[in-house]
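Please open the structure in a viewer and keep the selection panel at hand.

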Amino acid sequence: MTYFDALETRSADERASDQAAALVEQIKRAASAPGFAAHFSDSDTNKVISADDLPMLPVLRKSDLIRAQAERPPFGGFTVKPARHFHHVFQSPGPIYEPGSTDHDWWRMGRFLHAAGVAAGDIVQNCFGYHLTPAGMIFENGARAVGAAVLPAGTGQTELQVTAARDVGCTAYAGTPDYLKVILDKADEMGVSLNFSKAAVGGGALFPSLRQEYADRGISCLQCYATADLGNIAYESAAVEGMIIDEHVIVEIVTPGTGTPVEPGEVGEVVVTSLNPDYPLIRFATGDLSAVMPGVSPCGRTNTRIKGWMGRADQTTKIKGMFVRPEQVAALVDKHEEIVKARVIAARQGEMDTMTVRIESPRGDDPAYAKSVAEVLKLKGAIEVVAPGSLPKDGVVIEDQRVYE
């Protein structure tokens, strides 16, 4: 077993110490950017000296970036250098703008590609998009970090993809999990034999049956968890037991709509602090749900593992014409110190929306709860008080059970 670098096999104490030192410098760097200076205005950043202290700082959401970028384009004051000093500027739906660079492994994708077996001598057919959004460049940058050549194929034109893969001799695929099957099926239809033996995928669900189909064709397929803003967050290794957190990010799992960490193993929203000095995103909320796995990977990499994508934390729904958001549910819990957890359930009775709020509290029913629900959620609904520990630990705070005939 070989590793991308020695960072992957550090002890937990060594990793925590190294990341604490890097975090202090990163927060200072971030605070020098006007966007973060305003974002941190109510926080004492000097008190954050380790990853355990990060909950002292506010969560940064994509909606915050979109608003800031509209007021101060293109990056909203959240980068430490102007757009002209980056190698690339990308636009993702929102719109939201992200910087990019051709510097060595800038998005940290090389670590994942190495774990997927991609190396010098491979030719990667990169089927991630190159138009405006950064995915294509993210994987190309990672391929360069491991010494592989790249066919910048992008998306679509499947017959041409097959022909190019055959003529160029591509040995590795990068793209969404399902598009590789489209290429392989088209190759079968055309009577063309391809040389893919490994695949590095992301941006969609890799179902076990699809992974097995690729294995049956002699293709080892591993997936990563990455975003346009952060780059690589976590990745699979050959052990295929959870996703190993990248060495240059700090991941927290928090209660959706808050910045409060959940108990180890519970499902919550993934919040990431990037140690990229050019784009120091601090406590950036991904909107994705996941959970920490116990222990370390059998592959020998020692960093924390998460279970991968487990749904969306952005559970905003409209009930009786009013939006109900996870932040409101969190505010309801904070309003009463004895409330452990709450869950809003949207349902329908005939043609009417109904709302039930289940509250974990040792106190039992309390008329004050109905008043708080009306004040915080701006809606009236049924209140069900349940014993602490009764609600599922699945990260869901707004459950929509409505069925529309």
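Begin at the second largest pocket, whose volume is about 760 Å³. A pocket is an open set of points on a 1 Å grid over the protein atoms alone, where a 1.4 Å probe fits, with protein on both sides within 12 Å along at least five of seven lines. The volume is the space filled by probe spheres set on the points. This is a predicted model: local features need pLDDT of at least 70 and side-chain atom pairs count only at pLDDT 80 or more, while totals for chains, interfaces and linings use all residues. Residues are numbered from 1 along each chain as its sequence is written, and side-chain values use heavy atoms, with hydrogens and water left out.

Next, select Ala51, Asp52, Ile250, Val251 and Thr304, which lie nearest the centre of this pocket among its 28 lining residues (those with an atom within 4 Å of a point). Then colour α1, which supplies the largest share of the lining, six residues.

Move on to helix α6 (residues 158–168) and helix α7 (residues 177–190), whose axes come within 9 Å and cross at roughly 80 degrees. Axes here are lines fitted to C-alpha atoms over the stretch in contact, and angles run from 0 to 180 degrees between N-to-C directions. Helices are DSSP runs of H or I with at least four residues, and strands are runs of E with at least two.

Within α7, select the buried residues, including Tyr179, Leu180 and Ile183 (under 20% relative accessible area, 1.4 Å probe, protein chains only).

Conventions. Buried < 20%, exposed > 50% of the residue type's maximum accessible area, 1.4 Å probe, protein only.
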